[in-house]
Amino acid sequence: MARSAILNVMVQAAMKAGRSLARDFGEVQNLQVSLKGPGDYVSQADRKAEEIIYTELSRARPGYSFLMEERGAVEGEDDQHRWIVDPLDGTTNFLHGLPIFSISIALERQGQLVAGVIYNPAMDELYTAERGGGAFLNDRRLRVAARSKLSDAVIGTGIPHLGRGHHGNYLVELRNVMGETAGVRRLGSAALDLAYVAAGRMDGFWEEPLSPWDVAAGILMIREAGGFVSDKQGGNNMLENGTIVAGNELIHRALLKTLKKPVTSR
Ligand code: 2AM
Ligand code: CA
């Protein structure tokens with residue numbers, strides 16, 4: 001599989017930051033982190049990874065703009081290009097020694113997503129996609145799952161937690177989805193969830209509220225794997241309104257419909 005120069009830059013940045021995260025994750029797992037400061041330790045790991053990505057990307061493409069989870073928006077001279085970066089998606093998992101976390105890097109050109117990388121350093125799984133060039137897990141071409149019925153589908157989601165999201169509304173959605181599907185999974189890294197939908201490991205996904213860096217690379221990944229992604233209204237404003245629904249064409253449509261239902265009695 002031949003990668004473009006720009007995708008290679010993104011892969012190098014993700015792998016380098018991934019090595020740093022993997023080292024820090026080892027410390028968390030070995031309980032070297034004092035009980036008092038695991039949160040601080042993880043924030044440091046997060047910031048270190050972001051610094052590596054920022055340095056690598058700005059060295060390779062000086063002037064491109066950034067939107068990063070920790071640093072926020074950094075305007076470059078080149079406003080046609082913007083990196084959208086989450087240096088550690090799945091922070092809670094990382095903190096708890098659960099090896100389900102990822103680095104997500106997307107590139108926008110004139111407002112359009114053109115390249116994406118999602119890397120899970122704990123499993124050494126590298127997902128890449130380029131607009132028009134398909135999506136890959138390491139060297140293997142990806143295709144979304146072909147299941148056509150919601151009743152056969154495994155659907156990923158994110159459950160809102162303390163201080164975040166509308167818990168009552170979410171429970172109505174969950175109740176409806178759990179009643180119509182083969183199972184619901186909650187992994188804790190939205191970027192990785194979307195990569196799993198692209199890889200056909202899960203048939204669909206929905207979550208809110210999410211930030212642009214959680215989903216930018218995953219949106220391209222799924223579309224390049226032949227899948228469908230929209231916001232909860234069925235529009236294309238996932239980065240703006242923070243809602244996302246994904247799957248193959250049929251599952252995506254069915255999921256959108258199920259999420260709009262009022263509470264069912266069953
Ligand atoms: P994080 O690990 O980078 O915080 C889990 O359901 C998903 O939601 C993860 O991708 C997580 O990203 C993201 N998330 C956690 N808190 C969030 C917040 N306050 N706003 C948006 N996304 C959040
Ligand atoms: Ca995130």
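This is a predicted model: local features need pLDDT of at least 70, side-chain atom pairs count only at pLDDT 80 or more; totals for chains, interfaces and linings use all residues.
Residues are numbered from 1 along each chain as its sequence is written, chains are lettered from A and ligands numbered from 1 in the order in which they are written, and side-chain values use heavy atoms, with hydrogens and water left out.

D86 and D89 are both buried, where buried means under 20% relative accessible area, exposed over 50% and partly exposed in between (1.4 Å probe, protein chains only).

Helices (H or I, at least four residues) and strands (E, at least two) are DSSP runs, numbered from the N terminus. Two strands pair if DSSP finds at least two bridges between them. Eight strands form an open sheet with mixed pairing, in the order 2-1-3-4-5-6-7-8. Strand 2 (72-74) and strand 8 (140-141) are at the edges with a single partner strand each, so each has one side without a neighbour in the sheet.

Strand 3 is largely enclosed by the rest of the structure, because nine of its twelve residues are buried. Strand 3 pairs with strand 1 in the parallel sense over five bridges, and F66 stands opposite W83 in strand 3. Strand 3 and strand 4 run antiparallel, joined by seven bridges; R82 has E108 in strand 4 as its bridge partner. Helix 2 (residues 38-60) lies across strand 1, strand 2, strand 3 and strand 4, at about 150° to strand 3. Axes are lines fitted to C-alpha atoms, for helices over the stretch in contact, and angles run from 0 to 180 degrees between N-to-C directions. Contact means heavy atoms within 4.5 Å.

Helix 5 (residues 190-198) packs with helix 6 (residues 212-224) at an angle of about 5°, with the axes 8 Å apart. Helix 5 is therefore roughly parallel to helix 6, a term for angles under 35 degrees, with over 145 roughly antiparallel, 65 to 115 roughly perpendicular and the rest oblique.
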